[in-house]
Amino acid sequence: MMMKNKWQYRKIGDVCVVERGSSPRPIDQFITEDGGGINWIKIGDTTESMYITETAQKIKPEGMKKSRYVEPGDFLLSNSMSFGRPYILKIDGCIHDGWLVLKDKDEIFDKRFLYYYLSSKATYQKFKHMAVGGVVNNLNSEMVRKIDVPVPSKDEQMDTADLLDKICNIISLRKRELNCLDDLIRARFIELFGDLKSNNKGWKIVNFKECADIDTNMIHEFEGYEEYPHIGIDSIEKETGRLVGYRTIAEDGVISGKYLFSSAHIIYSKIRPNLNKVAMPDFDGLCSADAYPILVKKGICNREYFGYTLRSQYFLDYILALSNRTNLPKVNKSQVEGFLLPLPPIAVQDQFAAFVHQVAKSKAAVQKALDQTQQLFDSLMQEYFG
């Protein structure tokens, strides 16, 4: 396969029509109630996939006349907020002004090849350098037209895209395996403890503070902690609690106070509780002051039961009713400590913990394979696109 330094490059504006989306105003009056009409494509409808295949809303035909129409095969590029994210359309519809649309003028691209180029780190850095704005960075069509894009032969594009597709499919399968293992743990939780809301197993109901303490041991001086992992809120994956993409205290240049945690703690994010970020680390470190390190009381409650209870819909419903700040939903210590929960016998909790630890071995093996596959993908993206 020809390497990137031998590929010919052209400006995106020379090979693609680049236009901005537009919205009928006010949009609410054009949204249909009966599910009819044409697809209204929003950034919030997107997933990790390269394709957009469905939308949550549709608009009336009169709204379509005041909006930008797009067709299957067109590229969408987000131009604000999470700017520079590309997608290939599998549907037709209308787009708002948070999108740019790219139309291949002469069908010189394998659409997947162009997607991988637009989603590469090198291209993102170009977008980031060009973007303008204060709080929110924005791209415009003229900026995107100036970006160089490789135009190898169609066969080379297809070969490159086929290889990257295969690796992406393996990554997706590994992620699905992890999700299935998480589902297995949740099923075992319900089997052992029943429905927490109805407490159909008749366990004793206790207060949060009978089971655990919020451990606010804050560190302000970081000498001796430079190599400790620093867990920010963004490092906690929503729903699963997996810890990803974190760095050390030194690498992040931390200067503000952080909470000390150990492998015995649960880390609960008190910011945007709807994201349901509850982590159970297997190492010592420091976490953001926007999280609470929670330490269970031995002999009364174990970390696995308490952690999965905090991840449950039962706790989420409780805490969301209290997080009523409109700009930045947040819960405080007394609100978290006001939670009431069923308390099964410690022997039953320990049975669940043993199951979690056994499944964790399988998860670790899958995660290692996922990390290796992701490294291979990143390395090939670097090789092809810089």
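Me: Let's start with Leu102: in which strand is it found?

Reply: Leu102 is found in strand β10, residues 99-104. Strands here are DSSP runs of E with at least two residues, helices are runs of H or I with at least four, and both are numbered from the N terminus. This is a predicted model, in which local features need pLDDT of at least 70 and side-chain atom pairs count only at pLDDT 80 or more, while totals for chains, interfaces and linings use all residues. Residues are numbered from 1 along each chain as its sequence is written, and side-chain values use heavy atoms, with hydrogens and water left out.

Me: Is Leu102 buried or exposed?

Reply: Buried means under 20% relative accessible area, exposed means over 50%, and partly exposed lies in between, using a 1.4 Å probe and protein chains only. Leu102 has 2% relative accessibility, so it counts as buried.

Me: And which residues does Leu102 touch?

Reply: Contact means heavy atoms within 4.5 Å. Not counting residues up to four places away in sequence, Leu102 touches Ile12, Cys16, Val17, Val18, Asp74, Phe75, Leu77 and Leu118. As for Val366, 264 residues along the chain from Leu102, the two C-alpha atoms are separated by 37 Å.

Me: How do I read a nonpolar core, and which residues touch the most other members of the largest one?

Reply: A nonpolar core is a set of buried Ala, Val, Leu, Ile, Met, Phe, Trp, Tyr and Cys residues joined through side-chain atoms within 4.5 Å. The largest one has 75 residues, and Ile12, Tyr116, Tyr268, Ile294, Phe306 and Phe385 touch the most other members. Helix α12 gives the most to this core, with eleven residues. For a look around Ile294, set aside its neighbours within four places in sequence: its contacts include Phe208, Ile266, Tyr268, Phe306 and Leu310.

Me: At roughly what angle do the axes of α3 and α12 cross?

Reply: Axes are lines fitted to C-alpha atoms, for helices over the stretch in contact, and angles run from 0 to 180 degrees between N-to-C directions. Helix α3 (residues 111-118) and helix α12 (residues 346-385) have axes that come within 10 Å and cross at roughly 95 degrees. That makes α3 roughly perpendicular to α12; the class covers 65 to 115 degrees, with under 35 roughly parallel, over 145 roughly antiparallel and the rest oblique. In this contact, Phe113, Tyr116 and Tyr117 of α3 meet Phe377, Met381 and Phe385 of α12.

Me: What about charges: how many salt bridges does the structure hold?

Reply: Side chains of opposite charge can pair when their charged atoms come close. A salt bridge is a side-chain nitrogen of Lys or Arg within 4 Å of a carboxyl oxygen of Asp or Glu. The structure holds 19 of these. One of them pairs Asp162 with Arg112, the closest N and O atoms being 2.8 Å apart. Asp162 lies in helix α6 (residues 154-193) and Arg112 in helix α3, so this pair ties together parts that are 50 residues apart in sequence.

Me: Which residues are linked with Arg112 in a network of salt bridges?

Reply: The network links Asp110, Arg112, Asp162 and Asp165. Asp165 and Arg112 meet at 2.6 Å, N to O, and both are buried. Asp162 is partly exposed, at 31% relative accessibility.

Me: Where are the partners in the Asp213 and Lys297 pair?

Reply: Their side chains meet in a salt bridge at 3.9 Å, N to O. Asp213 is in strand β13 (residues 212-214) and Lys297 in the loop between β21 (291-296) and α9 (303-310), 84 residues apart. Asp213 is partly exposed at 40% relative accessible area, and Lys297 is partly exposed at 27%.
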